[in-house]
Amino acid sequence: MTPITSTYRLQLRPDAFTLHDAAGIVDYLDTLGVSHLYLSPVLTATSGSTHGYDVTDPTTVAAGLGGREALVKLSGVCRERGMGLIVDLVPNHVGVAKPHENAWWWDVLTYGRASTYADFFDIDWDHDNGADGKLALPVLGKPADLDSLTVDHATATPLLAFYEHRFPIAPGTGTGSAQEIHARQAYRLVPWDAGIITYRRFFAVNELAALRQEDPRVFELCHRELKSWVDEGLIDGVRIDHPDGLADPVEYLERLRSLLGPDQWIVIEKILGHSEPLDPLLPVDGTTGYDALNQLGGVFVDPSGEHELSELSGALTGNDGDSTWLHHTERQFKRETARGELAPEIRRLVRAIRSETGTRCSDKALNDAVVVVIARMPVYRSDYSLLAGLTARIVGGIHELAPGHEEAFNALAQALSGGGEAAVRFQQVCGAVMAKSVEDRLFYRTARLISRQEVGGNPAAFSVSVAEFHLANSDRARLWPAAMTSLSTHDTKRGEDVRARINVLSQMPEVWSRLVQDWEEVEPSPEPMTGLFLWQNIVGVWPVGEAAPDFRSRLHAYAEKAIREAALATSWNSPDSSFETAVHTWIDNVIDGPVAASITQLVSRIARHAWSDSLGQKLLQICGPGIPDIYQGTELWEDSLVDPDNRRLIDFGIRRTLVDSTETSVDATGAAKLHVVRTALTLRREYPSWFVGGTYLPVLASGESSGHVVGFSRGPRGGKAAVVALATRHSMVLADHGWGDTVIGLPEGRWTDNATGNVIESSRAGDIFRGGPTALLIRETESP
């Protein structure tokens, strides 16, 4: 098996980038220094899907991507170059947006409880919404839409039709009107906003139905194809999507490890809370790297900018983004989510509590108890070993604040202690409430410094100190040396270079504050919080030089998604066309009006400092503890925003032309970033023991500008430091006074900068960084 030293994430698309296309760039990725291709889901998904997370057939490789034959070919091409494959697996849910494409779901719709696959899905057949044990499908606009049902006779077997939707008609039930036929089915169509959802979903996405991996039949069928890839040596590891949604993530991962064997690399999309450690008992190599992402970005934020940016946020929006406001608002949003979008899941949990305890508490009392506990839960779920006692402390704290509700809390405690259905559902709904309330709402409703509002992040923590950064890295090197580390993913709210540019605003808070207030006078935003939030995004993606043809449309698409997620003046469920039109008009006015010149001037001033930080965080990621993932295209500057923007096609042609460049000067081409990436990845691949399982020690500076250096040494365990990675931070402030007498405490030995070839004759920072804002030093006697 090829040692995993790095991964390169590829977003496959049947319409644009298939497994065959991936095989065509293996040579380029090899030259880049990548050890493993990391593929988005390859199993058969909903037709038209551009991401693959809506799998409809877990037993086959998507024909649109090239099928199993293309996967085998891609694996072979990788093996010929000493490279390998990592695949993305989605165990929690399947796509049901087009029911006929999902054979298991279609069978359940046809035969109901009698279906062979009835227990594959987490369906509430005995719900209390008057549906007579039927599966409720939220597809109607309003109850009267049942009158619009028709029977489609265009297919071999007649289907029940509602506009473009098609549903099966059970054998022997197809006579009479469409409405009479509908009444005989095992399902019933209900309005999408009726709050009647009788199957567990992925968060609140009706088109993604959750699977019961705790059922051995489900597990076997969903992992049969994956097991064959392992047995035939096609892959080297898996990324597990959203394990927290499963009934028992620990048990699932133990079964997965047993199925795949001890050598397969397994990383999990586990979103850790602000101070939550990863459970060391999990049989995995680590997370997918959001914890590292927030450390890598935060260490480049200037803490001296916190006060001014807090003042600006408070003046414009009424909140300064501090921890008190954030914690209060998070709990508020969680309560609203639990009583709104996820109310069906809460009701089902309450019924399970009542069934298991026999309590005489009212439904309202139980519902309130559940909601208030979930609202205070600081993690996705609390049943990992290191979090023992967390739920008890939360319940205890609530008792102190609101005595007199003992009966409901006692019933909840009894049910959770029993470890039955209620305990499982409690943990599953905790994660769903967290995701919908925090990542998909709160992070769009605060705007002090939006680069810190990333998945798994804590916006209240304005920056990360060098000391904190090193301690976090030291823990990772010791406990999770093969965990994935990331800077950009298909789920990040903004790409790494966009965040880096926004981070620079922390170095010029007074200037930024004055500019925003000036811009608001010239081109006032439709709503202050929305304005402050979008001003930062606009600056983050504003072009240096001529704008790309799709710049305007991409910005409009992002803004619409952002304001709907924020749900401040419009939302997905209740869009306000007047407000949305005002936002779109405002964006056009910003792009075309007098403010544009000011934004261009600002971006021209800060771009090179943003590029400096981008190089720094990239080098520290690649050389730091863990397995670095390079998200597609991010070896050059990139300006991606949230999905689907970050799944745009990548121009690998231009990257091929630059891959052999040794350019270190920081400019708009991005050649310097590509050179840093290639140099560092190649070094990792040549000397894997220096980085995975090797030593990690901070390298510190002294002198007047010592705070502008962050770096560390790596090397074989028990040996001397073999490589030193150094990055400049807060370069805008540094430009005012230079390095001066700053010296860097390099480990003993003679060093060469592997990126420039310069021999390091001095420990002075000015000499070490004369080739650029980063340095990758190799001990001379061990230079490749």
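Student: How many nonpolar, polar and charged residues are there in the lining of the largest cavity?

Tutor: In this predicted model, the lining of the largest cavity divides into 8 nonpolar, 8 polar and 9 charged residues. Together 25 residues line this cavity, and those nearest its centre are Arg-200, Arg-201, Glu-345, Arg-425 and Val-429. The elements that each give two or more residues to the lining are β12 (201-202), α11 (343-357) and α15 (421-439).

Student: What volume does the largest cavity have, and how many cavities of 30 Å³ or more are there?

Tutor: The general idea is that rolling a probe the size of a water molecule over the atoms shows where empty space is left. Here the largest cavity has a volume of about 290 Å³, and the count of cavities of 30 Å³ or more comes to 13.

Student: Now the sheet: in which order do the 6 strands of the open sheet come?

Tutor: The order is β19-β21-β22-β26-β24-β25, with antiparallel pairing. At the edges are β19 (695-699) and β25 (759-760), each of which pairs on one side only. Within the sheet, β24 (residues 751-753) and β26 (residues 774-779) run antiparallel and are joined by 3 bridges, and Asp-753 stands opposite Leu-777 in β26.

Student: Which strands does helix α16 touch, and which does helix α22 touch?

Tutor: Helix α16 (residues 466-479) packs on the sheet against β19 and β21 (709-715), and its direction makes about 20° with that of β21. Helix α22 (residues 595-623) also packs on the sheet, touching β21, β22 (723-728) and β26, and its direction makes about 155° with that of β22.

Note on methods:
Residues are numbered from 1 along each chain as its sequence is written. This is a predicted model: local features need pLDDT of at least 70, side-chain atom pairs count only at pLDDT 80 or more; totals for chains, interfaces and linings use all residues. Side-chain values use heavy atoms; hydrogens and water are left out. Two strands pair if DSSP finds at least two bridges between them. Helices (H or I, at least four residues) and strands (E, at least two) are DSSP runs, numbered from the N terminus. Contact means heavy atoms within 4.5 Å. Axes are lines fitted to C-alpha atoms, for helices over the stretch in contact, and angles run from 0 to 180 degrees between N-to-C directions. On a 1 Å grid over the protein atoms alone, a cavity is a set of points where a 1.4 Å probe fits but cannot get out, and a pocket is an open set with protein on both sides within 12 Å along at least five of seven lines; lining residues have an atom within 4 Å of a point. Grid points are joined across faces, edges and corners, and a volume is the space filled by probe spheres set on the points. Ala, Val, Leu, Ile, Met, Phe, Trp, Tyr, Cys and Pro count as nonpolar, Asp, Glu, Lys and Arg as charged, and the others, Gly among them, as polar.
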